[in-house]
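Welcome! Let's take a short tour of a protein model, a few places at a time. Please have a look at it here before reading on.

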Amino acid sequence: MELGLIGLGKMGGNMRERIRRAGHTVIGYDRDPELSDVASLAELVERLEGPRVVWVMVPAGAPTQSTVDELKDLLAEGDIVVDGGNSRWTDDEKHAAELAERGIGFVDAGVSGGVWGLENGYALMVGGDDEHVARVQPVFDALKPEGDFGYVHAGKVGAGHFSKMVHNGIEYAMMQAYAEGWELLEAVDSVTDVREVFRSWQEGTVIRSWLLDLAVNALDDDEHLDKLRGFAADSGEGRWTVEAAIDNAVPLPAITASLFARFASRQDDSPQMKMIAALRNQFGGHAVESKSEH
């Protein structure tokens, strides 16, 4: 099938390549002309045969809103917009209603996979009407990992991004647990090789995971994380998860504590946040701050 893809950054560019490898046609647009296949959104829409599917992969908030506004004027009845960024689920409901005024369908897709997705595939959590999801299914099949898992039609519009939000909230808490354990191991004299303790957990233990593998990668690069400053940003989804928990009276003590720990990292050079920063860099290519920058 044909797909228009808007936003060709770290994830979007790799997604374009993975979809093309599966035999589909992708016409990409990015504000950086060196990355873009076309000069404008208007040209992208013009190049696609109707009914069109256009996937938006730009930052949440104002950039996504302005893109949706522009597509609403460019697309026609029967076309579909997919938001694959990290938008808040309440924005999905708003965007679906705005596009429906023109007969344009909307699908929200929570995407996980970071900088590793090109080779490993992307986990996809999708929300939207059955008919709209079915139209985009060949692209979902191209992006997902091989095998039976890694894709779900989670429910109606907003369900995909809500599921991805909860996924990221869990990720916050898991990273925090590894970081706390690492700091405690580093603090005692009796443990002389913390990195190898972490490595030993990679097989046969109940806490083995891809995040643990990435922690070992980070420690192989910098055994005591001496090069990093103990600062870790929050992407917004951790906050949204805690807010949703409050709205629904669901207790989330571990996820909430991990979010507050990141806030604490902005006040001091936190050893735990060195590990969080290292993990975020490993799986998502997120920027880290070195001590030399401060």
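Val115, Trp116 and Trp210 make a nonpolar surface patch of about 270 Å². Patches are built from residues with over 30% relative accessible area and no salt bridge, joining nonpolar side chains (Val, Leu, Ile, Met, Phe, Trp, Tyr) within 5 Å and like charges within 9 Å. Areas come from the Shrake-Rupley method with a 1.4 Å probe, and for residues only the protein chains shown count as cover.

You can find Val115 in the loop between β5 (105-112) and α5 (117-120). Val115 is partly exposed because its relative accessible area is 35% (buried means under 20%, exposed over 50%, partly exposed in between, with a 1.4 Å probe and protein chains only).

## How to read this model

This is a predicted model, in which local features need pLDDT of at least 70 and side-chain atom pairs count only at pLDDT 80 or more, while totals for chains, interfaces and linings use all residues. Residues are numbered from 1 along each chain as its sequence is written, and side-chain values use heavy atoms, leaving out hydrogens and water.

## The annotated lysine

UniProt, in an unreviewed entry, places the feature "active site" at Lys164; such annotations may be inferred rather than shown by experiment. Lys164 sits in helix α7 (residues 159-187), and it counts as buried because its relative accessibility is 5%. Beyond its neighbours within four places in sequence, Lys164 is in contact (heavy atoms within 4.5 Å) with residues including Asn86, Ser112 and Glu237.

Asn86 belongs to the loop between β4 (80-83) and α4 (89-100). At 32% relative accessibility, Asn86 is partly exposed. The side chains of Asn86 and Lys164 make a polar contact at 3.4 Å (a pair of N or O atoms within 3.5 Å, where within protein one must be able to donate a hydrogen and the other to accept it, and residues adjacent in sequence count only if both atoms are side-chain atoms).

## Salt bridges

Side chains of opposite charge can pair when their charged atoms come close. The count here is 17 salt bridges, each a side-chain nitrogen of Lys or Arg within 4 Å of a carboxyl oxygen of Asp or Glu. One of them joins Glu119 and Arg21, with the closest N and O atoms 3.2 Å apart. This pair links distant parts of the chain, as Glu119 in helix α5 and Arg21 in helix α1 (residues 10-21) are 98 residues apart.

Arg199 and Glu196 form another, at 2.9 Å between the closest N and O atoms. Both lie in helix α8, three residues apart, about one turn of the helix. Through shared partners, salt bridges join Arg195, Glu196, Arg199, Asp220 and Glu223 into one network.

Key:
Helix = DSSP H or I, 4+ residues; strand = E, 2+ residues; numbered from the N terminus.
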